[in-house]
Amino acid sequence: MRRKYRRSIGVAALMAAAVAGNAAAAPCQKDMSFDRWLAGLKQEAMAEGVSASVIAAASPYLTYDPGIVRRDRAQGVFQQSFLQFSDRMAAAYRIEGARSRIAKYKDLFARIEREYGVPASVLTAFWGLESDFGTNSGRLPVLRSVTTLAYDCRRPDRFRADVIGGLRIIQHGDLRPEEMLGDWAGELGGMQITLADYDKYAVDFDGDGRRDAVRSVPDTLASAANYLVHLGWRRGEPWLQEVRVPSNLPWQEAGPEIQHPRLQWVQWGVTGAHGSLRADDLPASLLLPMGRFGPAFLAYPNFLKAYLGWNSAMVYSTTAAYLATRIDGAPPINRGRSDIPVLSSAQIAELQRMLAARGLLPGAPDGKFGAGTRVAVRKAQLALGLPADSYPTPELLERLRGGR
């Protein structure tokens, strides 16, 4: 769901990590032969309870495919703004597709909401974004993909867990190795669930004795709901609400890492874009995905925990949450000013280098506008006396270039 830059969406840079730079990774396996490495992985799996017969059945797929590594390396870096991305992904055909499926599976969605508290609009938004409702989930052997990427140098620990998770799925009787077909980065089914998460959170909701989140619509949807609950979904609470903001708002208070009660936002002059905004104690963050002149949302704990847990890329998660509100009947967002600038990846990388030089941003520049860069931008804006809305602009870039 979250690991790779979505192939079906086609916007690689939007799936950036929540902070700039990579966390410390396991040692690269380049100095160990694949066969020797795989023997060690099989021993680890057996130590964790996977049977020898399961490993034998899966072995034809526990192979190395250099083509997968090439695809992983080839993921480009470019920027799309929230409006560019949401215009594509929250398109009318996807909204109507979601509504038609809600009508088709009315009883199923009602049962899932009773069990997990996750509304149909939230699930169908993810279903549509991840795979166009199961029509574009991939046809590659995922065990081969995750084995290859576990042996590769970049993120071995993450994919190693998927290999063992996949073996557990087979041992549990959910799927046979030849049925585990999906995305090139090893994600399965209409919700593009990773093998490790499938092992932990998939459920048998159709009662056939198998957790089949690849071909069973009930299992697919209920497994996603179960995962969202694990991430922190709160029954009966909102996730995202479009708002209007005053020109004199304390902009430095915006951002997903800052929360205030709705009462405080009301006192600062924030109003609901469609209907009233309750002045109560429900915590909320103000999201300004394109700065103070663009769309504005209040994001609630369901967004901050479940949506960002599903995918930490702010543009993707905000689009997914916004799409769910549209499926529920909300009108299109107020787009704000038409001349909001969007920095290129090269400009973002230059900005990151200057922020790092000022001690505001750790890690190497990657050209991706992730959460760490957003926080660093706010700090720089505050230091330079600019409105601290955390959005990078040409003005900020010029001020940093001039050392002012």
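Tutor: We begin with one term: contact means heavy atoms within 4.5 Å. Please keep in mind that this is a predicted model.

Student: With which residues is Asp-204 in contact, leaving aside its neighbours within four places in sequence?

Tutor: They are Gly-209, Arg-210, Arg-211 and Asp-219. Asp-204 itself lies in the loop between α10 and α11.

Student: Why is Asp-204 called partly exposed?

Tutor: Buried means under 20% relative accessible area and exposed means over 50%. Asp-204 has a relative accessible area of 30%, which lies in between, so Asp-204 is partly exposed.

Student: What makes the approach of the Asp-204 side chain to the backbone nitrogen of Gly-209 a polar contact?

Tutor: The pair of N or O atoms must be within 3.5 Å, and one must be able to donate a hydrogen and the other to accept it. Here a polar atom of the side chain lies 2.8 Å from that nitrogen. The side chain of Asp-204 also reaches the backbone nitrogen of Asp-208, at 3.3 Å.

Student: Why is helix α3 called roughly perpendicular to helix α8?

Tutor: The two helices pack at an angle of about 70 degrees, with their axes 9 Å apart. Angles of 65 to 115 degrees count as roughly perpendicular, therefore the term applies to α3 and α8.

Student: Which residues meet there?

Tutor: Ile-68, Val-69 and Asp-72 in α3 meet Ser-145, Thr-148 and Leu-149 in α8. The residues of this contact divide into 3 nonpolar, 2 polar and 1 charged.

Definitions and conventions. Residues are numbered from 1 along each chain as its sequence is written. This is a predicted model: local features need pLDDT of at least 70, side-chain atom pairs count only at pLDDT 80 or more; totals for chains, interfaces and linings use all residues. Side-chain values use heavy atoms; hydrogens and water are left out. Axes are lines fitted to C-alpha atoms, for helices over the stretch in contact, and angles run from 0 to 180 degrees between N-to-C directions. Helices (H or I, at least four residues) and strands (E, at least two) are DSSP runs, numbered from the N terminus. Angles under 35 degrees count as roughly parallel, over 145 as roughly antiparallel, 65 to 115 as roughly perpendicular and the rest as oblique. Ala, Val, Leu, Ile, Met, Phe, Trp, Tyr, Cys and Pro count as nonpolar, Asp, Glu, Lys and Arg as charged, and the others, Gly among them, as polar. Buried means under 20% relative accessible area, exposed over 50%, partly exposed in between (1.4 Å probe, protein chains only).
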